[in-house]
Amino acid sequence: MGADVHNTGADDTTADGEPTGVDHVFLALERELAVFLRRARASSGELAREVHPDLEPAAYGLLVRLADAGAQRATDLAGYFGVGKATMSRQLHALEKLGLVAREPDPADGRAVLVRLTGEGRERFTRVRTGRRARYARRLASWDRGEVAELARLLHRLNAEQEGDEV
């Protein structure tokens, strides 16, 4: 950063247009997270199309959740993703139509229904997830394993703290 970055103009901004008093560490974090999230959204679209050409990008996350947590009630999925029941119902209907998920009675409560991955859904999702993990390994091949572990630890901490804020 050059010395002129901190010089203020008449409008209380720095030479680079940022408001004075901005913590540049957090500004850098904000910028990097914005790039990361933009790329993650684009990647979700690509991954969704790899699972099935007609799969919506937002629905890929549902497959991740079902693969990791097992069968779930639609209301629990809606709560987990922070969306309304109607949105969740529409997404699940689309996944069901593609043959990727199925509904079954909840053995613990006959009135409730669980959503689970079908065999085809699990196979397609697992193939794509395996490929994604291989791409991560290639992209981070020059990193020390300790750096990768530290990144995972810090992201876990950030995610855990954000989940605490949402409660």
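Predicted model: local features only at pLDDT ≥ 70, side-chain atom pairs only at ≥ 80, totals over all residues.
The core comes first. The largest nonpolar core in the model takes in 22 residues. Within that core, the residues with the most contacts are Leu55, Tyr60, Leu63 and Leu95. At least two core residues come from each of α1 (24-51), α2 (57-69), α3 (74-81), α4 (85-97), β3 (109-117) and α5 (119-139). The largest share belongs to α2, which puts in 6 residues. As for Leu55, once neighbours within four places in sequence are set aside, its contacts are Ala48, Leu63, Leu95, Leu98 and Leu100. Two of the names on that list, Leu63 and Leu95, also turn up among the residues with the most contacts inside the core.

Helix α2 also packs against α3. The two helices meet at an angle of about 115 degrees, and their axes lie 11 Å apart. Their crossing is right-handed. On the α2 side, the contact is made by Gly61, Leu62, Arg65 and Leu66, while α3 brings Leu77, Tyr80 and Phe81.

Leaving out residues up to four places away in sequence, Arg129 touches Tyr60, Val64 and Asp68. One of these partners, Tyr60, is also listed among the core residues with the most contacts.

Notes
Residues numbered from 1 in each chain as written. Heavy atoms only, no water. Core = buried A, V, L, I, M, F, W, Y, C linked by side-chain atoms within 4.5 Å. Buried < 20%, exposed > 50% of the residue type's maximum accessible area, 1.4 Å probe, protein only. Helix = DSSP H or I, 4+ residues; strand = E, 2+ residues; numbered from the N terminus. Contact = heavy atoms within 4.5 Å. Axes fitted to C-alpha atoms, helices over the stretch in contact; angles between N-to-C directions. Left-handed = near helix turned anticlockwise from the far one by under 90°.
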